[in-house]
Amino acid sequence: MFDFFVESVSQASAAQLALSIPLSDLRDGSDYGYTVATSSDLNNEERDVIWDIFQTNMHQFYINSVFGWDPVSKQRELFDPLSRFVLVHQQSQNLGDGNSSKWLVAYTMFRFDMEEGEEVVYCYELQVSKAAQQRGLGKILMQSLVDIGHKWGMRKVMLTVLKRNTAAIKFYQSAGFTMDPISPEYQSDDDDEWVDEDDEGYDYEILSKSIAPSSMSL
């Protein structure tokens, strides 16, 4: 559910969002570059690569999850008009003719939203292609969301992760994420007794990381 502030922030252009990310966070001088894009900015080739990376990484997790495998619904979610992307490209200058090429190897898709009265950056996807994993790109992408959230007055970065995706859970925990109070199995320190929710089919967790918003106003 939107409020006026989140609705206003959601109108920020890709160029405005890109200014929120310090260049130092994206490894200047490396073989990787980044762009920030709205869904409407993406060309057909980029959409195909985004989908291919997601499908390669996540098909087996989804097909055995409570969400199920629904490509039409997932593509609709990915490329919704409110979706925003940070894209990581690898660049090559070894083509023999002096030219260079670049290809999309990782991305995060996010939206600005409201959760329990708090303005949040909701990370719908953070995906790195198989060939580009173990190079720190996931960490860079996650930091970009924190930077964007800070600049645009958000209170948290939030995400949903499948329990079977243990590598992702470990990564998010290492980045400072913990179970959010809206997660189905959240238990606060004040709870008198533990209620096991597993029998109700919860095979996912909702994680969050608090961020200090800037004092910007719209």
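**Exercises on a predicted model**

In this predicted model, Ile 50, Trp 51, Phe 54 and Tyr 62 of helix α3 touch Pro 71, Lys 74, Gln 75 and Leu 78 of helix α4. By class, this contact of α3 with α4 consists of six nonpolar residues, one polar and one charged. The exercises below begin with this pair of helices.

**Exercise 1.** Describe how α3 and α4 are placed relative to each other, and name the handedness of their crossing.

*Solution.* 
Step 1. Two packed helices are described by the angle between their axes and by the distance between those axes.
Step 2. Helix α3 spans residues 44-63 and helix α4 spans residues 71-78; their axes come within 12 Å.
Step 3. These axes cross at roughly 130 degrees. Angles of 65 to 115 degrees count as roughly perpendicular and those over 145 as roughly antiparallel, so α3 is oblique to α4.
Step 4. The crossing in which α3 passes α4 is right-handed.

**Exercise 2.** Find the residues nearest the centre of the largest pocket, and state which element gives the most to its lining.

*Solution.* 
Step 1. The largest pocket holds about 1100 Å³ of space.
Step 2. Its lining has 36 residues, and those nearest the centre are Met 58, Leu 126, Gln 127, Asn 165 and Tyr 172.
Step 3. Elements giving two or more residues to this lining are α3, α4, β4 (118-128), α5 (137-151), β5 (156-162) and α6 (166-174).
Step 4. Strand β4 gives the most, with seven residues.
Step 5. By class, the lining of the largest pocket has 19 nonpolar, 10 polar and seven charged residues.

**Exercise 3.** List the residues that line the second largest cavity, and sort them by class.

*Solution.* 
Step 1. The structure has two cavities of 30 Å³ or more.
Step 2. The volume of the second largest cavity is about 30 Å³.
Step 3. Phe 61, Asn 64, Ser 65, Leu 162, Lys 163, Arg 164 and Asp 203 line this cavity.
Step 4. Two of these lining residues are nonpolar, two polar and three charged.

**Exercise 4.** Locate Arg 164 and identify its contacts beyond its neighbours within four places in sequence.

*Solution.* 
Step 1. Arg 164 sits in the loop between β5 and α6.
Step 2. With those sequence neighbours set aside, Arg 164 is in contact with Gln 60, Phe 61 and Asn 64.
Step 3. Gln 60 and Arg 164 are 104 residues apart along the chain, while their C-alpha atoms are separated by 10.0 Å.

Methods
Residues numbered from 1 in each chain as written. Predicted model: local features only at pLDDT ≥ 70, side-chain atom pairs only at ≥ 80, totals over all residues. Heavy atoms only, no water. Axes fitted to C-alpha atoms, helices over the stretch in contact; angles between N-to-C directions. Parallel < 35°, antiparallel > 145°, perpendicular 65-115°, else oblique. Left-handed = near helix turned anticlockwise from the far one by under 90°. Contact = heavy atoms within 4.5 Å. Nonpolar A, V, L, I, M, F, W, Y, C, P; charged D, E, K, R; others polar. 1 Å grid on protein atoms, 1.4 Å probe; cavity = no way out; pocket = protein on both sides within 12 Å on 5 of 7 lines; lining within 4 Å. Points joined across faces, edges and corners; volume = space filled by probe spheres on them.
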